[in-house]
Amino acid sequence: MTLKERELSSKYHLDFKIFLELMSNKVREILLVSSRYDAFIIEEDVTLASRIIHEYSGLNLSHPPRLTRTTSALQALTLLDEKQFDLVFTMPNIEDMDAFILSRKIKEKNPALPVYLLAHSLRDLQTSTEAIHYEGIDKVFIWSGNADLLLAIIKGTEDALNVDYDTTHAQVCVLIFVEDSPLYYSTLLPIFYKEVVKQIQAVLELGVNEEERLLIMRTRPKIISAQTFEEATALYEKYKPYLLGIISDTRIPKQGRLFGNAGIELLSRARQEFPHLPMLLFSSESENRARACQIPAEFLDKNSPELLKEIHDFFLTNLGFGEFVFRMPDGTEVGRANKLRMLGEKLAIIPDESLCHHIEKKDMATWIMMRSEIPLASTIRDLSCSSFSSTREMREYIISLIHMVRKWRQKGVVAKFNRKEFDIDLLDFAKIGEGSLGGKARGLAFMSSVLHEEISLFEKYQKSPIRIPQTIVLATDVFEEFVKNNNLKSFAADGYTDEEVAQAFLKAEMPSEVVKDLQIYLEQVAYPLSVRSSSLLEDAQFQPYEGLYETYMISNNHPDFSRRLESLINAVKLVYASTYYESPKAFAKSTASQAKDESMAVVIQQLVGDTHGDYYYPAISGVAQSHNYYPVSHMKHEDGIVRMAIGFGKTVVEGGKCLRFCPRYPEILPQFSTVDDMLANSQRFFYSLKIMNSYDTSRLDVDSNLEKRNIYDARTEFPIIASASTYDPEEHRIIDTGEGPGGKIITFSQILKYRSIPLPKMLSDILELSRRNMGCPVEIEFAVNLRKDNPGSCDFYLLQIRPMVTEENRFEVEISEQDRERAFCFSNLALGNGRRQDIADIIFVKQDDFRLEATYEIAAEVGRLNGALLAEKRSYLLIGPGRWGSFDRWLGIPVQWRHISGVGAIVEIRGSLIKADPSHGSHFFQNITSLGIFYVSVTEGTQDFLDWPWLESLPVVNETTHLRHVRLPKPLTIKIDGRKSQCIMFSHK
C-alpha cells in the first residue's frame, strides 16, 4: 500500500464517525404567523405539514419539522417564551401587529432566530411602509402556493447552520447562489434543491446499507445564498476550498446600489483561481450570453421557456449529478459511467488524452464527490498528470484507489447479494434473502462492523491484518421457503432418524432463484468452502446450540462446474437437515424451545488455509475465551484462555490434544513443565482437507473430506516447521526449532516465546474488544495463516463469536466446614454457581467393569436410562471417568445431547481410568454450561474426592452392563461457589 493509499484508507476509517456528526443542527420546530385566510390558503393549496413529512420520508429522514400556527402576533410572542423554535415564517397581513414590527420584537427576544417574510407578491413589499431589508426580517420570499419553496427555505436554513462544521470536518462541498430579487430566488432555490434531492435519491438506491444511505444524505452539497456582491465575495473566500460551483445573477447590489456587471466581476475573479470550476451566469438580458462566454461560464436566460430543463442540464453536465461522460479534449465522447464500479472499468480503457483531460479539469473528482466519496474525491482532485512518470502509472493508481474504496465500503456491512453487481474481490459479507442472519452469522456481522470501526487495531496490526473470511449467508427465509415448498415440516416431529431426515432433504429441490445466486457466486470462487449452520437460536445470548448442527468443508475444485454446484447445494441441504436431527430436538426441549420453531440460515464461508501438497489447512486454529474458568499462577479469570492447534479447529473443539495458554501470560505453560510433559501432552495429529481427487459429491459425510494426519508425516510443511520444536533423544531435551532431523513436538515456541508473530497480543486485544462490545464474556474461534514469504506477519481470521455463561457473580454461595465434613463429593474445579436441591437420582459408571473400548456402549446405555428418567420427569446426577461428550472415545464417554437431555449435574473423574484434561474447551461443554447444568471435575490424588463406597451402597433402581442407577430417599444438595470454582455434594438423612 502506497503512502497515498494509506492516507486515504485512514480517512475512510474516520469518515463514518465524522459523518454521524454532520447536519447536527436541524430545523425541528417552525412557527407560522399569518392571518387565518393566509393559513387556510397555505393549507388548502399544499397541505404544508403533509408535504414536509412526505419530503422527509422520501429521503428516509426521521424527525421532520413540526409546524405550529397562530393568527395573532401577541400569541406568537407568548409561544416564543414558552417553547423553543428554530424558524419563524410570518406573512404581511396580521391583524394585531405589522409583520415588520413583529419581526423586530422577535429579534429582541432571540437575535439568532431566523425570521422570514412570505409575501404574496412584490406589491406587498412596495406598498409596505417598511423597506425590504427592514431590521428583524432575515429574508423576504415570494409565496406563490408552492410548498417546494418552504422546503427549500428549511433546507437552506439548515445548510447555513451546518456549513462551517461540515466543510471543515468532512470537506462537504458548497454551491454559492447569488441573487438579490425575491421573485427569482424564490423561484430558483426550490428548483436547485429539487435537483439535489433527485441526485440523493438516485445515489441512495446504490447504497450498500442504511449506514451508507445515512452518509449519502448527510454529505449532500450545501447551497449557500447571497444577495449582494460583498456577501458573495465573503462566502467565496470563506468556502473556497470546498466550492462545487457558483451560480450568480448578472446585476446584483454592490456598495449599496445595483451594478450591472457585479455578477460578471465575481465569476471572472473566481475563474482566475479556478480554471475549471463550474459557473453559471443568469440574466434576463440575452446579450449577456457573450459576456458569459468571455469568463468563460455557462449562461441561462431567466426568460427562457426551457429554464427548468436548462437548469437540470447544467446540474447533470457540470455539477456531476448525472452519468460521468468521458471526453477527449475536443469534446468527443469516449465512454460513460453511472456508478463507481463502471468508472473504474472505463478508466482502464479510455485514451490517455481523455484521462489527462479529466484529471486537469477536476470534473471526475466533482462527480465522485456527488456520490459522497469525499476522501476519494479529495485525493483525485489533488492529482496532476505531471506528478506521475507516465499516464499508465496514474491510470493504475486511480483504479487501485477506486477498487480500495469499493472494497472498503463493503467492509463492516451486510450487503445484499446482487447477481449483476457481484464481485468476489469486493466481497466481505453479503446476504441472499430477506430473513434473519441467524445467531452465528449475526455475531460475525457484528464483529465485522466492530473491526471496521476499530482504527487502533487496523493501525496496530498492519502487517498482520485481522479479518472476517469472505462470507455469504442464506437468510432464514430461504430455509423456510425450502421446507414449505418440499413439505419437510413434518420432520420437526420426533420419530425420524438422522439418516431419514438427511435423505429427504437431499431429494428436495432448492428454490430456483437461490440456485441462480449460488451459481453466480460459485463462478467467481476458486477456494475451498465451509458451509456452516446459523440457526436463529444458535449462539443466542446465554443459550448456544453450538456443535449441534452440521458443518461441511468442500474442496470446490472439481473440473466440472455442475459437480461443484451440486456439492455446494448438497452441503446446504444437509445443514438444513441437521435442524431436525435428534440431538438439536432434544436440546431444544431443554431450553423450552421446539424444533418446529427453529429456522436455519446457512453461512457459506471462505475456508481459511493454504495449500500444502495434496492438502489444505490453516497453520493455526483455536478457541479463545475472555473468561478463564481455571486460572493458575498469577492469572486472573478475566485474563482469558486460548486453546490452539495445527490444522483445522476440529482438534480443539472436540477436545483433542492442543496447546493451552493465557494470552496475557503466554510463557506460562503448565502442561509443558518438563520435557516428559511436552512429549506426553503435545499435539500428535491434525486435520486437513484433501484437495486432490476429492470430487465425490455423493458422499457428504461431515468429515468425508477431512484427513487426520500425523505431525511427523507433515514435518517438511511450513506450518509444522514454524510451530514445532525438535526433540533430541540423546540429551532428552527440546530444541526451539522445527528445522533439522529429529522428532517434532508442537510447542508454538517461535510464536509464544520468541514472538515471531504478535498472536498472543492480538488475541488479548480481540477478546477485550469483543467482551467490551458484547457486554459479557465471549468465546471466539479463529484461524491463522502464516506467511512464508513475509516473516513476522500473518493473516488472522475471526471465524465465530458467541457469549459465554459465567454465573459466579450472580449471587454468593458459601461452602462451610460443616458442609465439607458431610460431603460425599468435593471439587476445586467446578463450573456454575448456586445451589440445587432437586436431584435424588444418580447414574454412575461402575469402576470395576469399565473398559476404554466400551465407551460407545456406555453412551448408549446412558441414553436408555436418560429416556426412562425423562418419562418420569426426574433430573439426575451423572458420574463417570474422563470427558463427557468427548469425540475421542479414548478420552471419555462420547455421549451426545440426546443421551443426557435430562441431566441436572455432571461429574467427570480424572484419574487412573482415564487421564484427560478438563473438557472446558469443547462445544458440548459450552452447551452444558449455558443451560445452567453444573459441571464438576474430580481429580484423583488431590484435595478433590468422591466417596465411591457410599455410592455403591445406595439402593439400586436399575443396572446395565456398565452403569448403575441409584436413588436417595431425599434429594441431595449440590453447592457451587463460582468465585472459587469449588463444589460440594452431600445427602440428607
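Helix α19 passes helix α30 in a right-handed crossing, meaning that the near helix is turned clockwise from the far one by less than a right angle. The contact (heavy atoms within 4.5 Å) is made by Phe 446, Met 447, Val 450 and Leu 451 of α19 and by Leu 769, Ser 770, Asn 773 and Met 774 of α30. The axes of α19 (residues 438–453) and α30 (residues 759–774) come within 11 Å and cross at roughly 115°; axes are lines fitted to C-alpha atoms, for helices over the stretch in contact, and angles run from 0 to 180 degrees between N-to-C directions. The two helices, α19 and α30, are therefore roughly perpendicular to each other, a term for angles of 65 to 115 degrees.

This is a predicted model, in which local features need pLDDT of at least 70 and side-chain atom pairs count only at pLDDT 80 or more, while totals for chains, interfaces and linings use all residues. Residues are numbered from 1 along each chain as its sequence is written, and side-chain values use heavy atoms, with hydrogens and water left out. Helices (H or I, at least four residues) and strands (E, at least two) are DSSP runs numbered from the N terminus.

Helix α4 (residues 73–82) has Ala 73, Ala 76, Leu 77, Leu 79 and Leu 80 buried, where buried means under 20% relative accessible area, exposed over 50% and partly exposed in between, with a 1.4 Å probe and protein chains only. On the face of α4 turned away from the buried side are the exposed residues Leu 74, Asp 81 and Glu 82. At the start of α4, a side-chain oxygen of Ser 72 reaches to within 3.3 Å of the backbone nitrogen of Leu 74.

Met 23, in the loop between α1 (3–19) and β1, has a positive phi of about 50° although it is not a glycine. Met 23 counts as buried, at 5% relative accessibility. Gln 171, in the loop between α7 (147–170) and β6 (174–178), likewise has a positive phi, near 55°, but is partly exposed, with a relative accessible area of 34%. In the loop between α12 (288–294) and β12 (298–301) is Pro 296, and the peptide bond from Ile 295 to Pro 296 is cis, with omega near -5°.

How values were computed:
Polar contact = N/O pair within 3.5 Å; in protein donor to acceptor, adjacent residues only side chain to side chain. Parallel < 35°, antiparallel > 145°, perpendicular 65-115°, else oblique.
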